[in-house]
Amino acid sequence: MAGTGKVHMRGEEALISVEDLVMEFPAGRRAVVHAVSGISFDILEGETLGLVGESGCGKSTTGRAMMQLPSPTAGSVRFDGVEMTELPKEDLRRTRTRMQMIFQDPISSLNPRRKVKDIVAEGLSIWHNDAGDTAVQKVNEVLDAVGLDPEVVSDRRPHQFSGGQCQRICIARALVLDPKVIICDEPVSALDVSVQAQILNLLEEMKERYGLTLVFIAHDLAVVKNVSDRVVVMYLGKVCEVAGPDALYAHPAHPYTDVLLASIPEPDPDHPVSDRQITGELPSPINPPSGCRFRTRCEKVQDLCSTEEPVLKEIAPDHYVACHFPNEVPVSVNGNGDSS
Amino acid sequence: MESERPLLEVENLRTYFDTPRGILKAVDGVSFSLDKGETIGIVGESGSGKSVLVRSIMNILTSNAIIPDGSEVFFDGKDTRNLSRSEAKHFWGTQMAMIFQDPMTSLNPVKKVGIQITESIRYHLGASKQEAMERALELMIQVGIPEPRKRLKEYPHQLSGGMRQRVTIAIALACNPKLLIADEPTTALDVTVQKQILDLLASLQEELGMAMILITHDLGVVAGRARRIGVMYAGKMVETADTTTLFHHMNHPYTEALFKSIPRVEHQSHTRLDAISGRPPDMVLDLVGCRFAPRCRYAQEQCVTDEPDLFDTGQPDHRQACFYPVGSPENAEALAANQATGITAAGLDLTAAAVS
């Protein structure tokens, strides 16, 4: 099997389990884009799962497939005991109210012609048909929760806000239906570092206040590490490594995780710029490399890597890697609190 | 180095825009200089005026821009603002070149990459088509594009984001400029590609001996790349120093706040970030006092009424503009006083400082 394997799955207790998810898109002339090729992971209630990888690794496609936007080519997505991929259309609509999304570009994901109060209230007006006081109250409550003054912002339109504020509006819109899960697709990539910190803090607060489960998709491991309880590293439609964020940073086992860590710009002039650099380009997902998909850019590559696909295996408690030649990881590491 | 005149001298540069809402003071009195072959990093949030600053240096502003008297930009001893349009045409590209944030929008989508690179070579250097193509091929190799001969015949949409940014760098370097201005060159890219592009810029700079202005909102990006750093806030430089001094003796509260808002990979997960509350001021208004005061944890009465100027800190080449610099006893007193009342002199609530 394909950098897949399921040893890291935690069975019944998970709120969402994604198994053998495959997402393929036609690319014309019978070619097929293998965006996601058989990945599995699960999320416990109240957990934040970080999905990290470069552009084109299939992390956004995975997030959207969980919402059935569109339904995956193959595989299963179970949410709270319900198989999402087999739900009839009407039930799917109903289920989606409990799963919301936040996108990368906050400005283009808001309708520029509508007022903030209408944008945020749209979910309510579709589902509850009560445009009365309770709806207004709920809208004001979520706007207040995301740090916007309802009295000031309600009648304004998106162009009157900065990127960070628009992202707050998107978060309010996602919260208004009291969802269980929010899928955040690169929610801070388009924002300044200072605003990024505000939004990351806000997501943590909202998670606490509303008891949310989050899927956090990003390309920057430093950002993902800050918010996640468990991190899945993806590369070209496959899972490379699954671990707790602190264990992943302290003892990265997959060569690709190494590269991601070395790419983070350190705000410290005494810290030498790492000379580790990923070489080459991401291979085409139309014709992915045989065996391990990372082998074309891996510095540890051996013959075995092109013939046999690595399967996820547990190398330390709750630390899984899909690599034939992973870095040594001390087995005593318990995943949390060992990094200084 | 002392005897030679710097490559670029910017003196009290002010750039205003005439907008329907009033005069917007995007850059309001910025001075700095840059030696040949040196890199300066300019750091600040969106709206701090850093992009307008470099556009003023290049003299590529929109028609509603006003540059009041007293603003001076000298490049290689010449005042760039007195260049006629025809002089300027051969000035851009051969003397100064610029790369932008989004490589997709700065490349022409309907022209092949090769044509876009050779355009400036043929225009500025009068090279023949053949010569220009050969030079373009050299440039493609220099910026690390695989299969350069094939790529020359492709369109921008056929390249990845990182490759496109490499192409814009190749275009910028085509006529060996003395100064390269990189305006957020990696903000639209993945971290892995960001590192590749920054490494590429550093090695090209060393190889070609050009000076560089690197603009970013992330202190992490400039830490290992620039020799000197200028931190901008609301149209002003608030702190300038060489990189090591800046990181070791951060004086201005804004620099400190920018630094603290970066999520650090060596911190445990779920570490709460010290976000800067609030937003930069509206630059159309007449601003009184320190421009950062409304967001500053240390703000005192003086900060609300008086505007601090840049002054020397005593560290070599280190200037900053704060009455209560971070790390000083006055700063500690100011913070203690503010914490005791729970509110700063500028009205920032320290008890709920996280949410704006």
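Predicted model: local features only at pLDDT ≥ 70, side-chain atom pairs only at ≥ 80, totals over all residues.

Author: Happy to! P280(B) sits in a loop of chain B, the one running between helix 11 (253–260) and helix 12 (301–305). Is this proline buried or exposed? P280(B) counts as buried because it has 22 C-beta neighbours inside 10 Å, and the cut-off for that label is 20 or more.

Now for its partners. If we set aside the neighbours within four places in sequence, P280(B) is in contact with E45(B), G47(B), S48(B) and A234(B). As for G314(B), that residue is 34 residues apart from P280(B) along the chain, and 29 Å separates their C-alpha atoms.

Stepping back to the whole of chain B, we find it divided into domain 1 (8–226) and domain 2 (264–341). Between the C-alpha centres of these two domains of chain B there is a distance of 31 Å.

Finally, chain B has a partner chain. Here 41 residues of chain A are in contact with 42 residues of chain B. On the side of chain A that touches chain B, the elements giving two or more residues are helix 7 (193–210), helix 8 (221–227), helix 9 (245–250) and helix 10 (255–263) of chain A. Helix 7 of chain A gives the most, with eight residues.

Conventions. Residues numbered from 1 in each chain as written. Chains lettered and ligands numbered in written order. Helix = DSSP H or I, 4+ residues; strand = E, 2+ residues; numbered from the N terminus. Buried ≥ 20, exposed ≤ 12 C-beta atoms within 10 Å, placed from the backbone. Contact = placed C-beta atoms within 7 Å. Domains from an automatic or database assignment.
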